[in-house]
Amino acid sequence: MIDLYRGKHFETDSETDRMLINDAFATINVIWPSVSVNYPKITVNARRSEDAPRAVVTEEIVNYWWRHYDCQREFRRAVKDMLITGHGWVKTGYRFVEKGEDDYDNSDELASLAPESIAESDLIITEDRPFVERISPFDVFVDPDATSMHDIRWIAQRIRRPLLEVRKDKRYNAQARQEASPSHYSKFGLDSYLPRRSEKPEDGYVEIWEFYDVDRNKMSVFCDGGDKFLVAPQEIPFAFGHPFVFIPNYQVPDFFYPMGELEAIEPLQRELNETRTQMMNHRKRFSRKWLYKESAFDQEGRNMLESDEDNVMVPVVSEEPLGGIIAPMPAVISPPEFYNQSSLITADIDRITGISEYARGALPEIRRTATEAGIIQDAANARSSDKLAIIERAIADAARRLVMLAQQYMTGEQAIRVSGKSSSNAWMKFDRDYIQGEFDFEVEAGSTQPMNESFRRQMALQVVDAMAPFATAGIVDMQRLAKYVLQQGFGIKSAESFIVAPQPPAQPEVAPPPTAPSAGLPPGMPPSMPPGMPPGVEEEMPEGELPPEVLAQLMQGGMMPPGM
């Protein structure tokens with residue numbers, strides 16, 4: 001299937017020309033970006049009410065980790081494995097790296113195997129984080145009697161490492177790593193088991209196995225050619241069990257390994273190559289030839305007949321009629337249906353894969369209305385939605401393992417960048433106490449799909465039209481609505497720079513009531529109190545309720561509410 005994707009379709013050499021139309025490559029590269037091009041939006045929900053505040057912090061942390069630690073890049077590689085071979089693997093673990101003057105840098109994927117507690121030291125900690133990485137489908141082996149990940153009894157990973165690295169790795173048993181011997185002299189190639197003249201044994205590779213006994217919850221590490229364990233059998237150090245996440249494509253009942261996109265179209269792909277090769281050879285064989293009587297032309301006449309020049313006079317030495325000395329040779333013409341086979345095969349491939357001409361970015365031969373095109377696209381999206389759900393579940397499972405690893409192994413305080421409501425970012429410090437709790441992880445539906453620019457702008461403008469009646473009623477925050485349109489509809493991150501806060505409405509200036517002479521005021525009423533206000537109200541009136549001039553107008557107009 002990998003050779004089919006990369007265009008290596010012919011297993012033998014040929015002396016004749018052959019045509020290769022790599023429809024398998026086009027099929028994979030239509031589906032792959034449609035389900036995994038964007039960063040996912042991982043949501044975290046607490047299972048218990050007391051963990052709700054930590055769920056908010058954990059959601060920000062896991063989304064930051066997914067971007068900052070290149071989890072998306074590794075996961076996209078596994079998604080391509082899933083589409084081509086039928087399944088993909090990602091591995092989660094925790095990486096803790098200390099660097100000193102004489103210490104070996106354990107920065108590879110096996111750093112997750114150190115179950116012992118990490119003691120404080122004067123060394124520099126360069127990495128203290130969980131990780132996600134893609135594992136080759138050829139390097140993961142499972143129980144052959146299993147039919148799914150729920151009934152496997154064991155799972156193992158093969159890792160090829162240079163011999164010198166294995167002998168320096170202090171996480172392994174000292175005697176076992178010194179007795180390790182090379183089993184390969186190249187990571188690739190059929191001759192990788194044979195030593196080369198120019199290479200020393202130290203230049204070889206050791207085949208290491210991480211073996212996880214799921215039934216007994218045990219794990220061990222050993223290598224080919226050794227009698228001792230590099231890591232003796234012990235309890236699996238992870239709270240969630242083995243560290244592998246399985247990404248299936250089209251599952252087959254009672255079989256562990258699913259089907260990929262290319263397995264069903266392989267015969268059609270080879271038939272397409274054969275058909276186009278025949279068409280090419282037929283075009284090469286089609287050339288105009290003439291039958292002529294040799295005695296009717298001398299050497300000069302024959303040269304003129306074979307010439308490519310236009311308007312050439314050909315001398316004829318024979319006295320016979322021209323119709324009897326030269327005539328075109330009849331050619332065998334293939335039926336027109338022969339040239340339609342390529343279109344039929346391509347249509348079969350599209351039907352099997354469920355990819356429409358709209359998904360491929362091609363213009364349809366038949367003009368359709370927007371409603372018809374929408375119905376066709378919705379039907380095509382049904383299969384991609386199922387595939388998208390598989391990918392989203394795998395991302396959620398990997399995110400859950402990242403958080404559980406951090407809850408178990410994180411040693412110190414870390415910081416993440418948090419995007420607030422404005423375009424500015426803030427930094428938040430946390431330790432593993434901040435993320436303790438039981439959570440459910442989900443991926444926002446469609447967050448990994450590419451966003452169509454025209455559709456996004458149209459949707460944003462439709463939101464504005466739908467909210468117009470509510471805006472006139474004064475129950476919509478117009479600043480937030482404008483920010484949504486600029487960010488979601490046009491992709492402007494700093495939308496706040498375009499929005500000006502509305503000014504508060506100016507209060508109409510009220511002319512102060514004519515001040516009566518002091519002699520005309522009731523006894524005990526201060527000159528600043530409005531007429532008609534009983535003494536003592538000024539002291540009882542709560543601050544900030546109504547301005548004095550407004551209160552005076554209400555009292556003069558008889559609109560003062562009771563108890564005021």
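This is a predicted model: local features need pLDDT of at least 70, side-chain atom pairs count only at pLDDT 80 or more; totals for chains, interfaces and linings use all residues.
Student: Why is Glu165 called partly exposed?
Tutor: Glu165 has a relative accessible area of 32%. Buried means under 20%, exposed means over 50%, and partly exposed is what falls in between (1.4 Å probe, protein chains only).

Student: What makes Arg161 and Glu165 a salt bridge?
Tutor: The rule asks for a side-chain nitrogen of Lys or Arg within 4 Å of a carboxyl oxygen of Asp or Glu. Here the N to O distance is 3.6 Å, so the pair passes. Arg161 has a relative accessible area of 3%, so this residue is buried.

Student: How do you know that Asp51 and Arg48 qualify?
Tutor: Their closest N and O atoms are 3.0 Å apart, so they meet the 4 Å limit too. Asp51 is buried at 2% relative accessibility, whereas Arg48 is partly exposed at 37%. These two also belong to a network of salt bridges with Glu50 and Arg54. Across the whole structure, the search finds 27 salt bridges.

Student: Why does the Glu210 and Lys91 pair tie parts of the chain together?
Tutor: Their side chains meet at 3.1 Å, N to O. Glu210 lies in strand S6 (residues 205-213) and Lys91 in strand S2, so the bridge links parts that are 119 residues apart in sequence. Both residues are buried. As for the labels, helices (H or I, at least four residues) and strands (E, at least two) are DSSP runs numbered from the N terminus.

Student: What makes S2 largely enclosed?
Tutor: Eleven of its 13 residues are buried, so the rest of the structure largely encloses S2.

Student: How do you know that S2 pairs with S3 and S9?
Tutor: Two strands pair if DSSP finds at least two bridges between them. S2 (residues 87-99) has eleven bridges to S3 and five to S9, so both pairings pass the cut-off. Both run antiparallel. On the S3 side, Val97 is partnered with Glu127 and Lys99 with Ile124; on the S9 side, His87 is partnered with Pro248.

Student: Why are S3 and S9 called edge strands?
Tutor: The open sheet has three strands in the order S3-S2-S9. S3 (124-135) and S9 (244-248) each pair on one side only. Neighbouring strands are turned by 15° against each other on average, direction ignored. Axes are lines fitted to C-alpha atoms, for helices over the stretch in contact, with angles from 0 to 180 degrees between N-to-C directions.

Student: Which helix lies across this sheet?
Tutor: Helix H4 (residues 71-85) lies across S2, S3 and S9, at about 155° to S2. Contact, by the way, means heavy atoms within 4.5 Å.

Conventions
Residues are numbered from 1 along each chain as its sequence is written. Side-chain values use heavy atoms; hydrogens and water are left out.
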